[in-house]
Amino acid sequence: MADSDWTKLPSDLLQTIFEKLSVYADHLRFRAVCRSWRSSVPKIPRHLPPQLPWLFIPLYHHSRCALFNFSDNKIHFLHLPEASLGKRRCGSSHGWLAVLDETPTILLLNPITRASLPLPPLSTFPNVVSFDYSRVGREYVIRTPTGHIYARNLRQMRDSFVKKIVLSSSPNQSDFSAVAILNRSGDLAVCRSGAGSWTFVDDAPSDCEDIIFHDGLFYAVDKYGLVSVIDLRDLRPRVSPVTTARQLRGDIQYLVKSGNEVLLVTRYLDIVNDAMDDDRRSVIYRTVRFEVFRMEWDGPRWEKVESLDEMAVFVGENSSIAFSAADFSGISGNCIYYTDDYSENDYDGDGEEPDMGIFRLGLESVEELPYYSGSSHSRRRLLPPIWLSPNPC
């Protein structure tokens, strides 16, 4: 019997096979088979569900970055000067990074497609009184909520003005919104697609630590685990507090959407080094454990979760997200995969070893991420990584 000619499969059969693919890497492999397969399906697979995050790793190079894929346990290198050495990644949503440098620019960047889109610059935040390049070392003048005025230079604004930026959807959609958490105050600022500046969300709580987009609404959490629901569908944002008991334990709070549920993930840190370094006090923290709670809306109240079952949670400077380990190879259920989003990192290459790893909730144990476990890569010489869900759209 003669060998079958796979290049001559009917186009409708190829389309059926293509539509059943749910992993972006499989889409790339499908299109790589031959020219007829490639021409039979769209170049951009818009049917794909959210993808398992890759670890985006900035390298000590002015134009290269790396992506670690858990599914194949491989590193993929990218030429990406827009997000490499000297840049800070302060958010990751829907496959797009929010990138800052030593200018007022805030750039949204898709590392897979190289598409980019600027957001309104840092100088347009409502608490920025003025910006002037000629005031070297004091380019920005900032006003605190209490009216105090202080100055910041270009690097300080890159490193510490914005804590995190979260998107409602891919910027390729014309009606997306972006919400920024400010570092010193925890205030929330919003910009809609096409806007020329940022505006504060009135009545939003201060001391916000994380924010997610879920079922058409933003959910923000403060350091006590108190949640506010933010509706941006009208011209004026509407803020609805969710009254729960305060969570007085833990050091960092995250909100995670897991299916139809909202989870609170509490991170605990401990001091591993407290010393003087070059006449400065150097305190190094490390993650020691996590706790997880589920929002019970009929209370409302936070209900402690003893097991995540097959779910794996990814937290850090990314928009926090959960995936079923049953749907992807290379990850384990009942685990929290975390990166460093609190250290005073140096984005030019002189920072401390980032605090990142895998916490096994059932065992209450911490282990290294597989990229570093038993490898020759130096974590000490590492710029802060961030989770990125690859998105070709």
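A residue is called buried when its relative accessible area is under 20%, exposed when it is over 50%, and partly exposed in between, as found with a 1.4 Å probe on protein chains only. The structure described here is a predicted model, in which local features need pLDDT of at least 70 and side-chain atom pairs count only at pLDDT 80 or more, while totals for chains, interfaces and linings use all residues. Residues are numbered from 1 along each chain as its sequence is written, and side-chain values use heavy atoms, with hydrogens and water left out.

Aspartate 309 sits in the loop between E22 and strand E23 (311-315), and asparagine 334 in the loop between E24 and strand E25 (335-338); strands (E, at least two residues) and helices (H or I, at least four) are DSSP runs numbered from the N terminus. Another loop, between strand E21 (280-296) and strand E22 (301-305), holds proline 300, which is joined to glycine 299 by a cis peptide bond with omega about -15°.

In helix H2 (residues 24-32), the buried residues are Tyr24, Ala25, His27, Phe30 and Arg31. Helix H1 (11-20) and helix H3 (35-40) are among the elements that cover them, where contact means heavy atoms within 4.5 Å.

Strand E12 (177-182) and strand E13 (188-192) are joined by 5 bridges, and valine 179 has valine 190 in E13 as its bridge partner.

The second largest pocket has a volume of about 690 Å³. A pocket is an open set of points on a 1 Å grid over the protein atoms alone where a 1.4 Å probe fits, with protein on both sides within 12 Å along at least five of seven lines, and lining residues have an atom within 4 Å of a point. Its 34 lining residues include Pro49, Pro50, Gln51, His94 and Ile321, which lie nearest the centre. Strand E24 gives the largest share of the lining, 3 residues. Domain 1 (9-49) and domain 2 (50-388) both contribute to the lining of this pocket, so the pocket lies between them; the domain bounds come from an automatic or database domain assignment.

Notes:
Grid points are joined across faces, edges and corners, and a volume is the space filled by probe spheres set on the points. Two strands pair if DSSP finds at least two bridges between them.
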